Amino acid sequence: MSSIAESYKAIPMNLNHIIPLDFNGVHEIPESHEWTISTEHPIVDPVTCDSLPLIDLSDPNALSLIRKACEEWGAFQVINHGIPLNLFEEVELQTRRLFSLPTHQKLTILRSPDSITGYGMPHIQTFFPKLMWSEGFQLIGYPMEYASQLWPQEPDQQTNFCDVMEKYQKEMKAFTEKLFEMLLGSLGLTLEDIHWFKPTTDGSNNHQNVLTLNSYPVCPDPNRTMGLAPHTDTSLITVLHQSGSTGLQVLKDGSGWVPVVPVSGALVVNLGDLMEVLTNGLFKSIMHRAVANMTNHRVSVAFFFGPPRDVEIAPLVKLTDEDHPALYCPLTWKEFLQTKAKHFDKALEVLRNKGAKDNLD
Ligand SMILES: O=C(O)CCC(=O)C(=O)O
Ligand SMILES: [Fe+2]
């Protein structure tokens, strides 16, 4: 078992926070799913106000555009990423196939309370009193154990599902490695500065990845529900394919929630907490959320790229000096998940204030 999967053993969830609502034929919002949405930050119009930067990776200025986006937003969209567009169609089709199965079928692959993979509500549900208007499926590697439960009578569908998910993870792995190199390059660094990084040309799996398929069923009143509550990702980098419907919103300092308007074929890149640690706070991990809508069943596919097991992430030496001391103590992804389980959105703050990892409690 990979260490990222093991981490969840230490943080078991309550079943009430795992089993999603049977959304079929729900015409009224149940009280359990009725949110009072905070008005602390307004939703801004991405046409007239700020919109998330869209970066063409073939642009000669790509590196400086990336640096600016990472410092100012902690996220951006990319085009010309080199991933065949038909793969997005395939992964979306397979995602919709999974979520359109009858509820009792999906429940056969329900995530167990101490597991990271399987079907259920988002892991962050445990931090919120009201339930979210979404369901998800997380996987690592070739998901045959799940596919054979979902489509017991359809061996071809089992293989199609697994092959597409495997191919997608492979493409994403190569892409996130390239992106990671570009993010470092934008700071004048190279992969040589990352002692743990080994490219996966030999097929070895030295860094850890998780794939999440998200589903936001059509909602009778999206203004009173929350698809995926505000959070930052714990990863180094998250790459998101969102289907044609809007729903993702990112929080921009001083502005508010900025809807990320889908651009056909573009991928959304958002930086996670460990990237903020690695860059000693130069790059921000971005707060984001997702909302459902009244007409379309929205799906999204998120690939989380993180460090290898047992590797401690610490601010890069070349980014620290007397005037810029290391702000965070070194810790592994697994240790960070435990801190996040205790402190959720204050986890980075706790890391900044404590100095040494022995003091994380
Ligand atoms: O569905 C989306 O747009 C966001 C998904 C997300 O933030 C996540 O899976 O962590
Ligand atoms: Fe996220």
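Predicted model: local features only at pLDDT ≥ 70, side-chain atom pairs only at ≥ 80, totals over all residues.
The donors are H231 through NE2, D233 through OD and H288 through NE2, and they lie 2.1 to 2.3 Å from the iron ion. Along the chain, these donors follow the spacing H-x1-D-x54-H.

Next, select D233 and H288 together. D233 is in the loop between β6 (228-231) and β7 (237-242), whereas H288 is in strand β11 (residues 288-290), so this pair ties together parts that are 55 residues apart in sequence. Are D233 and H288 buried or exposed? Both residues are buried.

Now move to ligand 1. It is surrounded by 13 residues, and the closest are N214, Y216, H288, R298 and S300.

Show the oxygen atoms of ligand 1 and the side chains around them. A polar side-chain atom of Y216 is 2.7 Å from an oxygen atom of ligand 1. For H288, an N or O atom of the side chain lies 3.0 Å from an oxygen atom of the ligand. For D233, the corresponding distance between a side-chain N or O atom and an oxygen atom of ligand 1 is 3.3 Å. Ligand 1 taken alone exposes 300 Å², and the protein buries 94% of that.

Ligand 1 sits in the second largest pocket. Then colour the strands: β5 (208-216), β6, β11 and β12 (298-306) each supply at least two residues of the shell around ligand 1. Which strand gives the most to that shell? It is β12, with 4 residues.

From β12, go on to T320, which is in the loop between β12 and α8 (333-343). T320 is partly exposed, with a relative accessible area of 22%. Select I55 as well: the C-alpha atoms of T320 and I55 are separated by 28 Å, and the two residues are 265 residues apart along the chain.

The last stop is M165, in helix α6 (residues 155-185). M165 is buried, because its relative accessible area is 0% and buried means under 20%.

Methods. Residues numbered from 1 in each chain as written. Chains lettered and ligands numbered in written order. Heavy atoms only, no water. Donors = N, O, S within 2.8 Å, 3.2 Å for Na, K, Ca; no water. Buried < 20%, exposed > 50% of the residue type's maximum accessible area, 1.4 Å probe, protein only. Near = heavy atom within 4 Å. Polar contact = N/O pair within 3.5 Å; in protein donor to acceptor, adjacent residues only side chain to side chain. Areas by Shrake-Rupley, 256 points an atom, 1.4 Å probe, with all protein chains shown as cover. 1 Å grid on protein atoms, 1.4 Å probe; cavity = no way out; pocket = protein on both sides within 12 Å on 5 of 7 lines; lining within 4 Å. Sits in = over half its atoms within 2 Å of the grid points.
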